Amino acid sequence: MLAVRSRKPAGYDDVPTLPLYRSAPALDVRLEEFELFAIDRLRVLKGISDGLSRGKKHEEMEKLVTDLWKTNMRHPQASEDINKDIISHFVLRLVYCRTEELRKWFLSMETALFRHRFRNERPEAQRSLMAEFGLAYKKVDISELESVMDKLTQVARSTSQSLPTADAIFYKVPFAEVPELVGSRRVFISKGHAYIAMSQVVSLVATHFRSHLSKALMLTNRKWTSTIVEQEKNRLTPIVEALSTSYLGPDYSQPKEFAEISLREIDDIAKSSFPMCMRHLFEKLREEHHLKHGGRMQLGLFLKGVGLKLDDALAFWKAEFSRKVGAERFDKEYAYSIRHNYGREGKRTDYTPYSCQKIISSTPGVGDHHGCPYRHFSEENLTAALSRMGVNSRALGDVMSKVRNKHYQLACTLTFEAVHGTSCEAGINHPNQYFSDSQMIMKSKNHSTANDTQMQIESS
Amino acid sequence: MPGHEVAKDDMMIDEYEQKQVNAVPDGFNSQYLKIYYGKLFPYEEMFKWMSYANDGKHPACNQSYFGRREFSFTLDNDVYLRYKTFNSVSELENSIKEKCPVKIDIGPVYNVDPAKRHSYAQSGCYPEERELIFDIDMSDYDDVRYCCSGADVCLECWPLMTIAIKVIDTALRDDFGFNHILWVYSGRRGVHCWVCDGKARRLTNELRAAIADYFRVYKVGNENSHKKVSLMGPALHPFLVRSYTEVLKDFFERTLLSSQKIFSTAERYEKILDMIPDESVTSELRGKWQDNRRTSNAKEDINVARWEQLKHLLQSGKQKMQGLRRCVEEIVFSYTYPRLDMEVSKHMNHLLKAPFCVHPKTGRVCVPIDPNRCEDFDPTAVPTLSTLIEELNNEGLRAEADNDRDRTSLGKSIRFFQSSFLEPLVKSCKEEMISSYNAKLQQSKLQQSKNVLAAI
Ligand SMILES: [Zn+2]
C-alpha cells in the first residue's frame with residue numbers, strides 16, 4: 001500500500017536523511033498509521049516546545065531533541081523511518097494549518113527540529129541540502145573579505161566565536177535571509193547584506209525551510225477549507241480536528257486530584273461550577289436529549305476533564321440520547337465517538353478538553369449550542385443567561401461592557417467573580433480551569449463553615 | 001490581538017498637561033482645525049507618498065493600492081473610526097474636511113479593501129505592506145533626565161531625541177541599506193520614523209522583530225536591577241562601536257553631563273556608582289566626591305570632573321578586571337542610547353499617527369525632521385495651530401506668496417518633505433516598478449518562445 005520512491009541510492013551515505021518536505025508524497029497511508037505517526041511526531045514537537053519554554057540551554061536542547069526523535073520516530077523497520085518522518089509531517093500540516101496560532105506553533109517547532117537535524121548532518125550532506133534549496137551563494141572573494149575583516153573579527157569576538165582566518169569561507173546574503181542572526185547581532189551587516197560564516201549556514205537554510213513551510217501551510221489551509229474538510233468528514237476530518245486540540249497550556253486531559261464526579265451529583269455541580277458555555281450545553285442536552293457534533297465534543301471532553309469516568313459518560317449520554325434516538329441507535333452511532341474521546345476506540349490516545357481560545361474561535365451554525373456564549377449569544381439571551389446564573393444587575397453591566405469590547409474571557413472572569421463572590425486574579429483561560437477554580441472555592445467555603453460549626457459546638 | 005493600539009502619548013492625561021493647555025490658551029480648537037484642514041493640510045503630498053508611484057499611467061501600476069490602506073480617525077468626541085479607506089486624493093480630502101479628526105492614524109495596506117473585510121471572511125483580510133516604523137518617546141527616558149519628566153520636554157533633554165535619530169538613521173542606511181526614511185516630530189515629546197523603501201514595506205513581522213532586536217541593548221524586566229544596559233561579551237558589535245564612538249560618547253560628555261548635571265548630587269552619582277560592580281572602586285570615588293565639594297575648581301564643571309575621575313579609575317591599568325572597562329560604556333549607553341517602543345516596530349498592523357497632524361494637547365504640527373540637521377531641530381519652535389492661523393490672517397504676507405501654505409511657517413516643512421523625501425522616493429518607486437515589469441515581460445516572452453519551440 002505504500003508506494004514510495006526510494007530516496008536513498010544504495011552506497012551513498014552522504015545523501016541526507018533529512019527530507020525537506022517539498023511536496024506531498026504519493027503514499028497510501030493506513031488510517032491507523034495516519035494518526036499514530038502524527039501523534040509520535042507531535043510528542044517530539046511538544047517535547048521541543050516544553051524544552052524551549054522551560055528555557056533549556058542549547059546543549060540541553062540538542063540532547064533532548066536527539067532523545068525525543070530516537071524514542072518516538074524510529075519505525076520498527078529501519079527502512080520505514082523516512083516514510084514515517086514524511087507521513088507524520090504531512091499529517092500534522094493538515095492538523096496545524098487551520099489557524100494563525102496553530103500555524104505559528106507548528107512552524108516554530110518544525111523549524112527547531114529541522115535546525116537540530118541539519119546541524120547533525122555531515123558537511124557533504126549539508127551542502128547537498130543547500131543545493132536542494134537552490135541556495136547558490138557565491139563565497140565572498142579575498143579582496144572583499146580583507147576589506148571587512150576587522151568588522152568580521154569584531155563580530156566574532158563580540159559573540160565569542162572563533163576568529164575568522166584569512167582563508168575563511170563567508171557568504172554574503174540579503175539580511176532578510178538570516179533574521180535570527182540579525183536580531184541577536186551575530187553577523188556583520190552592511191548595506192543590506194549579512195556576512196555569514198560557514199558555521200552559521202544553518203540559520204540561512206532554516207530560514208528557507210521556514211518560509212517554504214509557511215507558504216505550504218497557507219496552501220494546505222486553503223485546500224482544507226475548500227475541499228478536504230467536506231470530502232473527509234467521516235474519515236480524516238474528525239481525527240485531524242481531535243489531534244489539533246492536543247497542544248497548548250495545561251491541557252486538562254487528566255482530571256485534577258480531587259476531581260471525580262459521579263452521575264448523582266452532576267446536576268448540582270453543573271449549577272454551581274460549570275462555566276456558562278458548558279452549563280448551557282448541559283441544560284440543552286437535558287432539555288432536548290440531543291446535541292449536535294460540536295456540542296458533544298465541547299461538553300464531552302470537558303466532562304472527561306472534570307473527572308467523569310468513561311462508563312459514567314456512556315451512561316450519561318445514553319440516558320439522554322436514547323430518549324430521542326433510541327438506545328440501539330445510540331450504541332451504533334454515538335457510543336463510538338465518546339469512547340474515542342476517552343481514547344478507547346481505535347487510537348490509544350487522549351483527546352484534550354477545548355480551551356477558551358478554541359471555543360471562542362469556533363463557528364457554531366444553526367441548531368448548534370456549542371461555542372462561547374459571550375461571543376455567540378445575542379445580547380438579550382446573554383443577559384437572561386447571566387441573570388439565571390445569579391449575576392446581579394451591577395455586575396451584569398460590567399460583563400456586558402466587556403462583551404461589547406470583545407473581551408470574552410474577561411467577561412467570563414467577571415461572571416466567575418460575581419457568582420463566587422471572590423476575585424479571580426488569573427483570569428479564565430479554560431473551561432476546566434473555571435471548573436477547578438470554582439470547586440476549590442466551594443471546598444474551602446464548605447470547609448470553613450464546617451469549622452465554624454465545630455467551634456460553636458466546642459464553645460457551647 | 002490585532003487591534004488598535006492607542007499611542008501612550010495620548011492616554012496620559014496628567015497635571016503637567018493641564019498646565020500646558022492653560023499656558024497656551026489659544027492652542028487648539030476645532031474651529032482652527034477646520035481652517036487647517038481647509039487650507040493647509042498637504043493632501044496631494046500625502047496621497048502621492050502613500051501611492052508609491054501606483055497613481056501613474058504605467059501598466060504596472062496597481063490602481064487599487066492606495067484604496068487598500070487603512071486610515072483611522074479620532075474625532076473630537078473620542079469616537080474612533082477604524083478601517084477607513086479612500087480611492088482617491090479627493091475622497092481623502094473630503095472625508096478629512098468633513099470629519100475634522102483630531103488625530104489621523106495610518107495603518108497597513110491590506111490584501112483587500114479593509115473597509116469591506118467582512119465580505120472577505122473566507123479568504124481573509126490581512127496586512128500585506130507596511131512601512132517599517134519606529135516610535136521614540138521622551139517619557140521612556142525619565143530615569144536619565146532631571147530637567148523635566150513625563151509629557152514635558154525642553155531643550156535640555158531634547159538632545160536625547162537627536163541621539164536617537166542619529167543612531168537609528170545611520171544604522172538603517174549603512175547597515176540595512178534603506179534609503180527612503182522620514183523622521184517626524186510626534187507633536188509633543190518624541191519622534192516617529194517611517195522607513196518607506198519597497199523592501200522595508202514588504203518585511204515580514206519576523207524580520208521587523210529581528211531589526212528591532214538588532215537595536216535592543218536594554219534588558220527586559222529590569223525595573224529592579226541597577227544596570228539598565230547589558231553589553232555582553234568580550235567586545236561590542238560593530239554597530240554598537242560605531243554608535244558609541246560617533247554619537248553617544250560625544251553627546252554624553254559634551255552635552256548631557258553638564259546639561260543634565262548627571263553627577264551633581266549624591267543621589268544622582270549614587271545611581272551611577274550602582275552600575276559599577278566593584279566595592280573598592282565605588283568607595284574610592286564616593287570618598288573623593290564627598291570631600292571634593294569645596295576643593296574643586298569653581299570654573300570646572302563638577303559633572304565633567306567627576307566623570308573624568310571615574311573613567312580614569314576604571315580604565316587605568318591597575319584595574320585587573322576587564323569587566324570594569326565595559327562599565328564606562330555601559331554607563332554612557334544607559335544615559336544616551338535610543339529607547340524604542342519595540343512593539344510598534346514589530347507588527348505590521350500597528351497604527352501610527354500621520355505626519356502633519358496637529359497634536360491636540362500642544363497644538364503643534366507633526367512636521368518632518370531633517371536627520372542630517374537634527375541638532376538644529378527645536379521642538380519649541382515648531383509651528384502651532386494658532387500661529388499658523390495668525391500667519392494666514394496676516395494681510396501683509398498675503399501679497400508675498402501665491403498660496404496659503406507658503407505664507408505660513410508650514411510651507412518650509414512641506415517643501416522639505418517634498419524635495420528631500422517624496423521626490424526621491426517616487427522616482428525610485430517608478431524605477432523599481434518599471435524594471436520589475438520589464439523583467440516579467442522578458443520572462444513571459446521567454447516562456448512563449450519556449451512554448452513555440454515545444455510546439456514545433
Ligand atoms: Zn527637559
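Buried means under 20% relative accessible area, exposed over 50%, and partly exposed in between (1.4 Å probe, protein chains only). Keep that rule handy for the exercises below.

This is a predicted model, where local features need pLDDT of at least 70, side-chain atom pairs count only at pLDDT 80 or more, and totals for chains, interfaces and linings use all residues. Residues are numbered from 1 along each chain as its sequence is written, chains are lettered from A and ligands numbered from 1 in the order in which they are written, and side-chain values use heavy atoms, with hydrogens and water left out.

**Exercise 1. A salt bridge across the chain**

Task: Work out where Glu375(B) and Lys166(B) sit, and classify Glu375(B) by its accessibility.

Solution: 
- Step 1. Start with the pairing: Glu375(B) and Lys166(B) form a salt bridge, with their closest N and O atoms 2.8 Å apart. The rule asks for a side-chain nitrogen of Lys or Arg within 4 Å of a carboxyl oxygen of Asp or Glu.
- Step 2. Now place the two partners: Glu375(B) is in the loop between strand E9 (368-369) and helix H14 (385-393) of chain B, while Lys166(B) is in helix H5 of chain B, so the pair links parts of the chain 209 residues apart. Helices (H or I, at least four residues) and strands (E, at least two) are DSSP runs, numbered from the N terminus.
- Step 3. Glu375(B) has 44% relative accessibility, so it counts as partly exposed.

**Exercise 2. A threonine in chain A**

Task: Is Thr237(A) buried or exposed, and which backbone oxygens does its side chain reach?

Solution: 
- Step 1. Locate it: Thr237(A) lies in helix H9 (residues 236-244) of chain A.
- Step 2. Its relative accessible area is 6%, so Thr237(A) is buried.
- Step 3. The side chain of Thr237(A) reaches the backbone oxygen of Val229(A) at 3.1 Å and that of Glu232(A) at 3.0 Å.
- Step 4. Set aside its neighbours within four places in sequence, and Thr237(A) is in contact (heavy atoms within 4.5 Å) with Trp224(A), Ile228(A), Val229(A) and Glu232(A).

**Exercise 3. Where the chains meet**

Task: Describe the interface of chain B and chain A, and say which helix gives the most to the chain B side.

Solution: 
- Step 1. Count the residues: 28 come from chain B and 22 from chain A.
- Step 2. The buried area is about 1,900 Å², with 62% from carbon and sulfur atoms. That term is the accessible area (1.4 Å probe) that two parts lose on being put together, summed over both.
- Step 3. The rule finds two salt bridges across this interface. Glu206(B) and Arg210(A) meet in a salt bridge at 3.7 Å, N to O.
- Step 4. On the chain B side, helix H5 (159-175), helix H7 (205-214) and helix H8 (238-259) each supply at least two residues. H7(B) gives the most, with six residues.
- Step 5. Sort the residues of that side and you get 18 nonpolar, four polar and six charged. Ala, Val, Leu, Ile, Met, Phe, Trp, Tyr, Cys and Pro count as nonpolar, Asp, Glu, Lys and Arg as charged, and the others, Gly among them, as polar.

**Exercise 4. The chains side by side**

Task: How many helices and strands are there in chain B and in chain A?

Solution: 
- Step 1. Chain B has 16 helices and nine strands; chain A has 20 helices and three strands.
- Step 2. In chain B, 53% of the 456 residues count as buried; in chain A, buried residues make up 48% of 460.

Key:
Polar contact = N/O pair within 3.5 Å; in protein donor to acceptor, adjacent residues only side chain to side chain.
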